[in-house]
Amino acid sequence: MAAKATFSANRRSSRSDAFLVLVLFLLSIPEGHSLEGFCAVGGDSDCGLSSHKILIKGGTVVNAHHKVVADVYIEDGVIVSVRSNIRVADDVKVIDATGKYVMPGGIDPHTHLEMEFMGTVTIDDFFTGQAAALAGGTTMHIDFVIPINGNLSAGFESYMNKAKKSAMDYGFHMAITKWDDRVSKEMEVMVNENGINSFKFFMAYKGSLMISDELLLEGLKKCKSLGAIAMVHAENGDAVAEGQKRMIELGITGPEGHALSRPPVLEGEATARAIRLANFVNTPLYVVHVMSVDAMEEIAKARKAGQRVIGEPVVSGLILDDSWLWHTDFTTASKYVMSPPIRKSGHDKALQAALSTGVLQLVGTDHCTFNSTQKAFGSEDFRKIPNGVNGIEERMHLVWNRMVESGQMSVTDFVRVTSTECAKIFNIYPQKGAILEGSDADIIILNPNASFKVATASHHSRTDTNVYEGMTGKGKVEVTISQGRVVWEDGKLKVTPGSGRYIRMPPFGYRFDGIEKADAAYLASLNAPVRRTKATA
Ligand code: URQ
Ligand code: ZN
Ligand code: ZN
């Protein structure tokens with residue numbers, strides 16, 4: 001019921017607000033920043049803010065549960081009909097999808113746009129990051145609000161401002177970086193008034209974002225009471241600090257020191273600790289950016305034992321290995337610095353297998369881009385290299401190529417791990433993550449016979465490097481439809497700043513079903529307190 005109420009409330013976007021933001025945005029474009037390929041005020045009619053009527057004809061419509069050859073008719077940003085042989089009037093744009101897959105737009109559960117981090121700010125903002133996303137077939141993302149000096153409301157307000165230039169739908173998780181009564185009360189406001197249903201706890205980044213086990217326990221309890229998903233960045237931050245000291249003492253100051261200072265064992269330890277604490281509290285746990293076999297196996301063990309644990313691998317962990325960090329060119333090596341680190345060859349294959357067998361559930365990017373000038377802040381000391389890699393534009397292509405094209409995953413499972421599961425976990429399904437009548441018209445058309453190539457020269461992110469540079473593969477997103485409008489077609493992007501909508505995510509998603517019954521069973525099993533007769537002296 002709650003999900004339904006949000007479903008329509010989320011649609012109450014104001015076109016005039018969007019137009020105002022567009023004008024303000026255009027006035028604020030820094031000199032030298034090219035708008036080529038993006039919409040401008042007074043551009044052609046395809047670029048306008050008006051909705052379209054679209055018929056997608058003859059494609060294979062893929063949902064996580066089913067695939068079928070059918071037509072899809074869209075009007076006013078909503079999917080109106082999914083069936084064969086839909087007939088339409090002449091004013092409807094018709095797209096022939098014969099021989100192609102028609103799938104829900106990707107939802108990236110893990111991004112950091114315009115985030116202040118390690119003394120700088122990620123280079124992609126809510127416009128450039130989303131433009132890149134749309135060109136790669138992702139139509140919604142969930143970004144992480146970072147509180148300002150621990151203040152959640154100030155952080156939320158700041159991110160709502162940053163997101164005014166959005167060109168597609170987005171939602172927010174929120175980080176918790178300190179604990180007191182005010183934070184606890186503000187979490188209630190975030191969930192009950194501001195549409196946030198997940199909180200991230202950093203077990204690493206000592207001295208900045210890292211929290212203690214005591215705080216994590218308080219946070220887990222609070223999340224449970226609010227029906228919010230607790231998320232963890234799982235690395236032992238104290239041990240990472242020790243590992244960094246060790247590397248510096250050994251004279252290892254380059255990017256390889258990053259990987260060597262925080263080995264898989266530290267990710268495995270923190271993952272196991274977070275899982276056990278979540279088990280103790282009996283609340284769902286979402287482990288972000290699972291990068292190692294060590295962490296994955298802890299998740300597998302807990303899930304096998306019946307615990308509600310969700311594991312999110314990211315594209316970099318699935319596709320890359322750490323050999324790049326040993327590259328002799330600093331600019332090349334430093335672009336691969338992220339945390340937890342990209343691991344040795346072998347971890348990638350194990351994570352792919354875990355994804356294809358359901359041990360891990362959905363794929364994010366952790367899109368957190370810094371350009372080569374920003375990465376060079378750490379040219380003398382790897383501890384100062386801003387952590388993060390790109391991926392928001394490449395995720396759909398790389399996952400398709402590595403998982404589906406290779407035969408490791410079905411097409412329906414591709415939809416599940418890139419879109420549907422995210423919508424379900426964060427309680428916005430079937431508004432998002434499905435091609436069903438009544439769902440939002442966020443749709444991609446993928447041609448399995450066309451090829452893609454990743455190149456900095458042609459990507460849409462603002463960054464000047466790409467960790468997937470030169471990669472090629474089969475399966476190309478030829479059309480992206482966002483909010484019922486074609487925004488990517490024939491290699492051209494038609495996006496409008498200010499047209500994106502904030503998607504509220506209600507609490508108590510399906511991962512909470514039955515928790516109270518499990519709690520009641522636990523209490524009944526205690527067989528305590530024991531009634532005793534008074535001890536006689
Ligand atoms: O840890 C993260 O998720 C962000 C803050 C930084 N990027 C990264 O290296 N993973
Ligand atoms: Zn993290
Ligand atoms: Zn992240």
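This is a predicted model: local features need pLDDT of at least 70, side-chain atom pairs count only at pLDDT 80 or more; totals for chains, interfaces and linings use all residues.
The zinc ion (ligand 3) picks up His-110 (NE2), His-112 (NE2) and Asp-366 (OD) as its protein donors, at 2.0 to 2.2 Å.

**Zinc ion, ligand 3**

- For reference, the ideal angle for four tetrahedral donors is 109.5 degrees.
- Along the chain, the donors of this ion are spaced H-x1-H-x253-D.
- His-110 belongs to strand E6 (residues 106-111), while Asp-366 is in the loop between helix H13 (347-356) and helix H14 (372-375), so the pair ties together parts 256 residues apart in sequence.
- His-110 and Asp-366 are both buried.

**Zinc ion, ligand 2**

- Lys-200 (NZ), His-233 (ND1) and His-289 (NE2) coordinate the zinc ion (ligand 2), at 2.1 to 2.5 Å.
- Their spacing along the chain reads K-x32-H-x55-H.
- Distant parts of the chain get linked here too: His-233 is in strand E12 (residues 229-233), and His-289, 56 residues apart from it, is in the loop between strand E13 (285-287) and helix H10 (293-304).
- Buried or exposed? Both His-233 and His-289 are buried.

**Domain annotation**

- An unreviewed UniProt entry puts the feature "domain: Amidohydrolase-related" at residues 101-487.
- In the model, that span is 37% helix and 18% strand, and its end C-alpha atoms are 17 Å apart.

Definitions and conventions:
Residues are numbered from 1 along each chain as its sequence is written. Chains are lettered from A and ligands numbered from 1 in the order in which they are written. Side-chain values use heavy atoms; hydrogens and water are left out. Donors are N, O and S atoms within 2.8 Å of the metal (3.2 Å for Na, K and Ca); water is not among the atoms, so sites may look incomplete. Helices (H or I, at least four residues) and strands (E, at least two) are DSSP runs, numbered from the N terminus. Buried means under 20% relative accessible area, exposed over 50%, partly exposed in between (1.4 Å probe, protein chains only). UniProt positions are given in the numbering used here, feature names are shortened, and annotations may be inferred rather than shown by experiment.
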